[in-house]
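Please look at the sequence and the model first, and then follow the sections below.

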Amino acid sequence: MTAGRLAPPDVRAGAPQPGRAQAARLPFVVYVLAVGTFLMLTTEFVVAGLLPEIAGDLRVGVAQAGLLITVFAVGMIVGSPAMALLTRRVPRRVTLVLALAVFAVGHVVVALGSSLPLLLGARFVTAFATGAFWSVASVVATRAAGPAASARALGLVGAGGMLANVVGVPLGAFAGQLSGWRGPFWALAALAVAAVPLIARHVPPEDGDQQPVPLRQELGAMRSGRLWLVLAACATTTGGVLSAYSYVSPLLTDRAGIAVGLVPLVLVGFGVGSLVGTIWGGRLGDVRPHTTTVVVPVLTTVVLAAVWLFSAQALPTVLLVVLLGLLGLSANPVLSALAVRFAGVAPTLGVAMSVSAYNLGTAAGSWLAGHALGSELGAGGPVLVGTGIAALTMVPAVALAVVQRRAGSPGVGEPGEQPAA
């Protein structure tokens with residue numbers, strides 16, 4: 001089972017233990033799960049590097065093609081908690097394998113499709129599978145790593161996704177320019193099929209002595225006020241960064257004057273920054289979680305504002321996009337670990353809600369950014385949208401830090417965090 005089993009002490013534990021976090025070696029299964037999240041984040045953002053090719057082939061506008069990003073995010077908003085509940089009595093290993101299978105089929109449909117509505121439908125269904133995989137993988141990783149390294153484990157799982165920005169998305173953009181945009185989707189389908197035996201072999205079976213948690217008790221855990229502050233921060237931190245990143249290609253080519261062939265290299269720079277930032281964000285989060293979640297959005301807002309101010313100059317824009325990758329998503333593994341902790345007896349549902357929140361921010365941000373792109377603001381519009389959304393992250397982040405300081409203990413005063421009998 002996933003959310004339907006009692007969370008062991010490592011998930012319900014309180015504050016991380018810095019010394020142990022640094023000394024513990026992460027289990028191999030965490031690296032295996034990072035392979036899966038590599039595929040999941042590649043498919044979510046590969047469209048960003050293929051928008052002109054997709055729009056030209058389907059004979060639609062770039063903003064319309066950008067709906068392929070928005071609808072995927074919407075699918076994950078709905079699909080993550082829905083699949084967490086529907087698979088609560090299904091073994092985690094089975095859920096992960098089935099998610100990869102649906103993921104592969106969805107990409108075959110996209111690769112064969114010739115109309116925007118069909119592609120939107122396939123992306124929506126694929127997002128359900130992605131949400132299920134990400135939620136279950138996060139809980140498997142935190143349980144395997146233990147309380148002292150939970151944020152670090154989620155940082156590594158997230159780093160698999162960030163590696164997509166280093167390898168998957170730029171390679172997809174190169175392939176789309178050379179051989180057509182459908183090739184990357186065929187490749188993702190094949191890689192998902194290849195990952196099935198890897199996941200099936202290394203994800204451990206269920207613990208036979210775990211008892212199911214009643215559905216009412218799981219839903220009751222969602223009343224945690226601190227959990228909802230974390231979810232709000234998840235939405236705004238991701239929405240701010242990805243509002244700008246979803247339309248970074250027009251920004252680089254139309255405003256900064258960078259050649260189309262160089263755009264994938266900039267995407268690599270953003271991806272390398274994201275990879276490094278996610279790993280170190282997880283490490284810092286095990287030691288200073290609330291400091292990390294407050295400082296990161298402040299710096300991200302400053303960087304986004306600088307991108308807009310200097311977007312007419314090629315070199316500063318490129319450097320700032322790389323810096324945005326380094327900082328922008330570095331607090332996400334910390335927020336995911338906090339979602340697991342504050343969800344108490346429903347860790348998978350808590351992570352699923354955080355995945356929904358991330359993608360709610362992505363969907364709302366990319367939708368607003370698409371409208372800004374088509375307005376008088378032009379290519380700089382999405383960056384302005386992202387700056388405003390990122391600034392909002394400071395509200396729940398500071399509120400959460402204040403609540404935690406007043407509570408003095410992670411387990412005080414929140415129904416979702418009370419130990420189950």
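## Threonine 292

In which helix is threonine 292 found? Threonine 292 lies in helix H15, which covers residues 289-309; helices here are DSSP runs of H or I with at least four residues, strands are runs of E with at least two, and both are numbered from the N terminus. With a relative accessible area of 9%, threonine 292 is buried, a word that means under 20%, whereas exposed means over 50% and partly exposed lies in between (1.4 Å probe, protein chains only). Leaving aside residues up to four places away in sequence, threonine 292 touches Gly281, Leu284, Gly285, Pro297, Ala331 and Val334, where contact means heavy atoms within 4.5 Å.

## Basis of the model

The model is predicted, so that local features need pLDDT of at least 70 and side-chain atom pairs count only at pLDDT 80 or more, while totals for chains, interfaces and linings use all residues. Residues are numbered from 1 along each chain as its sequence is written, and side-chain values use heavy atoms, with hydrogens and water left out.

## The protein as a whole

The protein contains 20 helices and zero strands, and 59% of its 421 residues count as buried. Among contacts with a separation of 6 or more, 88% are between residues 24 or more positions apart.

## Helices H3 and H8

Helix H3 (residues 28-45) packs against helix H8 (residues 116-145) at an angle of about 155°, and their axes are 10 Å apart. H3 is therefore roughly antiparallel to H8, a term for angles over 145 degrees. The residues in H3 that meet H8 include Val29, Leu33 and Met40, and those in H8 include Phe133, Trp134 and Ala137.

Terms used: Axes fitted to C-alpha atoms, helices over the stretch in contact; angles between N-to-C directions. Parallel < 35°, antiparallel > 145°, perpendicular 65-115°, else oblique.
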